[in-house]
Amino acid sequence: MSSSLRFAAARAFWADREAVDDQVQAALLIAQQKKFRAKTVIGLDLERKARHLASLLSLPYAVAGRVLVVFHLAEQRPMMSAFLDALEIAHDNGMIQQDQVTPEPAKLGPAAAVIAGQFPSDAVLLYLRTLMCQDPQTWGGLSEIVQRLEHA
């Protein structure tokens, strides 16, 4: 993940008013690694908290997952919408409307190509990897496509 995407994701995470529990966990992690008090981290402005979070080499799975989801919902809806449109999956501004969705395997490659042609490659790869990590059963068919995009 590029440093600019890491920072954008961290910034979106700290700006999300519904991620308070995960933000507290992230503040504790930053405090521990940077030798700060947690209260100090929580009191920092958005930019400094984002910079500190983006600089961490690893995050607990739950926090990392929340950071990625919040980032995509805040910053990547046009890409999410374009991908789901190409898959012919009903959505509301990039949010899938059904509980269970099974994309047609034959449409995954062309849908990935659509967004790869419209959006930065690092953002596309991050989105596709996030889908695979969040729901490997549904999006596991993206694995080979991601590998091809990485080497393109």
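A salt bridge is a side-chain nitrogen of Lys or Arg within 4 Å of a carboxyl oxygen of Asp or Glu. Side chains of opposite charge can pair when their charged atoms come close. The model on your screen is predicted. By this rule, it holds six salt bridges. Here is a tour of some of them.

**Stop one: Lys-107 and Glu-104.** Select both side chains. They form a salt bridge, and their closest N and O atoms are 3.4 Å apart. Is Glu-104 buried or exposed, or partly exposed? Its relative accessible area is 44%, so Glu-104 counts as partly exposed.

**Stop two: Asp-16 and Arg-66.** Select this pair next. The two residues form a salt bridge, with 3.4 Å between the closest N and O atoms. Asp-16 sits in the loop between helix H1 (3–15) and helix H2 (20–34), while Arg-66 belongs to helix H5 (residues 61–75). The pair therefore ties together parts that are 50 residues apart in sequence.

**Stop three: Asp-22 and Arg-66.**

Arg-66 has 25% relative accessibility and counts as partly exposed. Asp-22 has a relative accessible area of 15%. Buried means under 20%, so Asp-22 is buried.

**Last stop: the network.** Which residues are linked in a network of salt bridges? Show Asp-16, Asp-22 and Arg-66 together: these residues are linked in that network.

Notes
Residues numbered from 1 in each chain as written. Predicted model: local features only at pLDDT ≥ 70, side-chain atom pairs only at ≥ 80, totals over all residues. Heavy atoms only, no water. Helix = DSSP H or I, 4+ residues; strand = E, 2+ residues; numbered from the N terminus. Buried < 20%, exposed > 50% of the residue type's maximum accessible area, 1.4 Å probe, protein only.
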